[in-house]
Amino acid sequence: MIVCHCNQITDRDIRAAVGWMRASDPDTIVTPGKVYHALGKRADCGGCMKLFVSEMRAADGFAVSDGQKLPPILTGLRNKA
């Protein structure tokens, strides 16, 4: 399914980029900007962002595993917000 019509990015592209980023650095924080960069693209209109983020979150390996410790700077951020 095409997620970003401006750049012709599919859900498979997003999952592949997330998988590649996790394989190269398991501790990386995956963001839409990093996915676009990994695919050699740039965000354009932003109309796809909700679906884009949803597809990122659904990708295998997107979430930090329970066994990994969060970096101290990220600990408790949800509680502060």
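At what angle do the axes of helix α1 (residues 11–24) and α3 cross, and within what distance do they come? The legends below answer this and describe other views of the predicted model.

**Figure 1. Overview of the chain in the predicted model.** The chain holds 4 helices and 2 strands. Read from the N terminus, the order of the elements is β-β-α-α-α-α. The chain has 81 residues, of which 25% count as buried. Of the contacts between residues at least 6 apart in sequence, 54% join residues at least 24 apart.

**Figure 2. Crossing of helices α1 and α3.** Two packed helices are described by the angle between their axes and the distance between the axes. Here the axes of α1 (residues 11–24) and α3 cross at roughly 50° and come within 9 Å. The angle makes α1 oblique to α3. The crossing of the two helices is right-handed. On the α1 side, the contact is made by D11, I14, R15 and V18. On the α3 side, F52, E55 and M56 take part.

**Figure 3. The aromatic pair Y36 and F52.** The count of aromatic pairs comes to 1. A pair of aromatic rings is described by the distance of the centres and the angle of the planes. For Y36 and F52 the ring centres lie 4.6 Å apart and the planes are at 5°, so the pair is stacked; the cut-off for stacking is an angle under 30 degrees. The pair links distant parts of the chain, with Y36 in helix α2 (residues 32–38) and F52 in helix α3 (residues 49–58), 16 residues apart. Y36 has a relative accessible area of 4% and is therefore buried. F52 is buried too, with a relative accessible area of 0%. F52 is also one of the α3 residues that make the contact with α1.

**Figure 4. Q8 in the loop between the strands.** Most residues other than glycine have a negative phi. Q8 is not a glycine, yet its phi is positive, at about 55°. Q8 is placed in the loop between β1 (2–4) and β2 (9–10). Is Q8 buried, partly exposed or exposed? With a relative accessible area of 47%, Q8 is partly exposed, because that class lies between the cut-offs of 20% for buried and 50% for exposed.

Note on methods:
Residues are numbered from 1 along each chain as its sequence is written. This is a predicted model: local features need pLDDT of at least 70, side-chain atom pairs count only at pLDDT 80 or more; totals for chains, interfaces and linings use all residues. Side-chain values use heavy atoms; hydrogens and water are left out. Buried means under 20% relative accessible area, exposed over 50%, partly exposed in between (1.4 Å probe, protein chains only). Contact means heavy atoms within 4.5 Å. Rings of Phe, Tyr and Trp (its six-membered ring) pair if their centres lie within 6.5 Å; planes under 30 degrees apart count as stacked, over 60 as edge-to-face and the rest as tilted. Axes are lines fitted to C-alpha atoms, for helices over the stretch in contact, and angles run from 0 to 180 degrees between N-to-C directions. Angles under 35 degrees count as roughly parallel, over 145 as roughly antiparallel, 65 to 115 as roughly perpendicular and the rest as oblique. A crossing is left-handed if the near helix is turned anticlockwise from the far one by less than a right angle, and right-handed if clockwise.
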